[in-house]
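Here is a report on how one structure is put together. Please look over the sequence and the model before reading on.

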Amino acid sequence: MINLIIEFAGKYKVIKNKNVILNSSLNETIKEDKTIKIFAKEFSEFLIKLQNNLERK
Amino acid sequence: MKNTLKNMIDFESLTRVRNSVNAEIFLPEKNNLVSLIPLEYFGHSVKVLIDGKIFVAEFDEKIPLKAELVAFIVEKSPVTLSLNLTQLLSKNKNYLLEQICEKLKIPNTDRNKDLLVKIIQEEKPIIKSKFLQLEIITQKIKTKDLELSLLINLIWKYSEKDIPLIVDLYENLFSISFSSTCKYLFNSIKNLILNQEDVYLLNEVNANLIYDTKRENTIALQNKSEILFNLIKYLNDGDYSSKEVDEFIKFSSIYILQKSVFKDYDYYPDFVVIKRGNGFSFIKYNFKKLYLSNGMPSYKLEFEHGEIPAKIKGFLRNNFLIGSIDIENYENNLLLKEIDELKNDINKRWQINMELNITEDQIYSAEKSFQKNGINKLVS
């Protein structure tokens, strides 16, 4: 995964060096956190509900 | 080197803590700041140099040695110091910032004070050498919000020789903020749907990247890194080429890389694309994961609607969330009713109790708006 993403990042000039700061963390990035998922759902739906109410006014 | 110093009879005897150094006399009063250099750990305490005198002090946290820093005096006997200035910041911000500038002999400018506030909010110790590095870098790299928080974490973690790497990271990967990356990616997802006819691609995007409240496809609420990576691979292997595809690959790559760096410092920023009727909405959020002394995680969270002025801020600890909400032009009673429903839903589904307050600004602006519209019956 690292190589392909870095290849694209290089192609689109978003990084110059494959430095340690990036490589140390990239493998870990796809792990999920259940609490974040719960609130992403609840608060996103809540904000959309508020948007719908506002637009109905 | 100590053997070469003239008249240096015994180096250790000079650095030994002597009874003559009386903390009651030589240290400022409780709750004041001192500038100090921690020299070495001394049992469970630390030998520190304050105004040329050595004291043995207790700290409530691990501290960096041989660096000039600022601490506040919790107790004078025994000497107990703390590097965490967050409480002092909330009590008396201006006085605290003036004291830090004076102790570290740095100019008392608005810019320096803003940087100090951000460092304290990140719960980092005020180390003079690190502050000066930050001050120099932020003259070159204009950054704020989440990216400034990250920059502070990087400078505090890495040594001075790594500064070119950090600058490189900001001149390239973080030349656009994560917030902008999410907006660009949101637009490129919409463009992909409008301009591509590939059935597999459209199905994948609709099922995994766009949350439909009717279908409740919660996968679209998750971290999108893996899904985006698989789509990049699919587009690349299938030799797709168009402006929309290029944009999508570019911002997906930036998204994955930026998120991976943030994750290292326990920041989890993200966005949600939501299908509403024939259109789409965009919600961005950020979670900062903190760890309690028992190792359990707690979360500081912020949600912001991309199209209407609405924000939620909160802090989740164990099974209790306390927070506030701000939304413009919204009737208070209706908002309270919606909050109550949300509280009940969250409690029923996840056994999490919640206290979501309407901020004073929100109450004031709502009252003002309804008075102007003549809706407030008490006034009319």
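The model is a predicted one.

## The sheet of chain B

Strands of a sheet pair through backbone hydrogen bonds, either parallel or antiparallel. Strand 12 (residues 320–327) of chain B pairs with strand 13 of chain B in the parallel sense, over six bridges. In strand 13 of chain B, N353(B) is the bridge partner of F320(B).

## Helix packing around helix 12

Two packed helices are described by the angle between their axes and the distance between the axes. Helix 9 (residues 178–195) and helix 12 (residues 243–264) of chain B pack at about 145°, with axes 9 Å apart. Their crossing is left-handed. Helix 9 of chain B brings residues including F178(B), Y184(B), L185(B) and L192(B) to this contact. Helix 12 of chain B answers with residues including F248(B), F251(B), I254(B) and F262(B). By class, the contact has nine nonpolar, six polar and two charged residues.

Helix 11 (residues 225–237) of chain B also meets helix 12 of chain B. The axes come within 10 Å and cross at roughly 145°. This crossing, too, is left-handed. Among the residues from helix 11 of chain B are L228(B), F229(B), I232(B) and L235(B). Among their counterparts in helix 12 of chain B are V245(B), I249(B), I256(B) and K259(B). The contact of helix 11 with helix 12 of chain B counts nine nonpolar, three polar and one charged residues.

Chain A has three helices and zero strands. Its pattern along the sequence is α-α-α. Of its 57 residues, 37% are buried.

Which helix of chain A gives the most to the side that touches chain B? The contact takes 40 residues from chain A and 53 residues from chain B. Helix 1 (2–11), helix 2 (20–26) and helix 3 (34–56) of chain A each give two or more residues to that side. Helix 3 of chain A gives the most, with 19 residues. The side of chain A that touches chain B divides into 22 nonpolar, nine polar and nine charged residues.

Definitions and conventions: Residues numbered from 1 in each chain as written. Chains lettered and ligands numbered in written order. Predicted model: local features only at pLDDT ≥ 70, side-chain atom pairs only at ≥ 80, totals over all residues. Contact = placed C-beta atoms within 7 Å. Helix = DSSP H or I, 4+ residues; strand = E, 2+ residues; numbered from the N terminus. Nonpolar A, V, L, I, M, F, W, Y, C, P; charged D, E, K, R; others polar. Axes fitted to C-alpha atoms, helices over the stretch in contact; angles between N-to-C directions. Left-handed = near helix turned anticlockwise from the far one by under 90°. Buried ≥ 20, exposed ≤ 12 C-beta atoms within 10 Å, placed from the backbone. Pairing = 2+ DSSP bridges.
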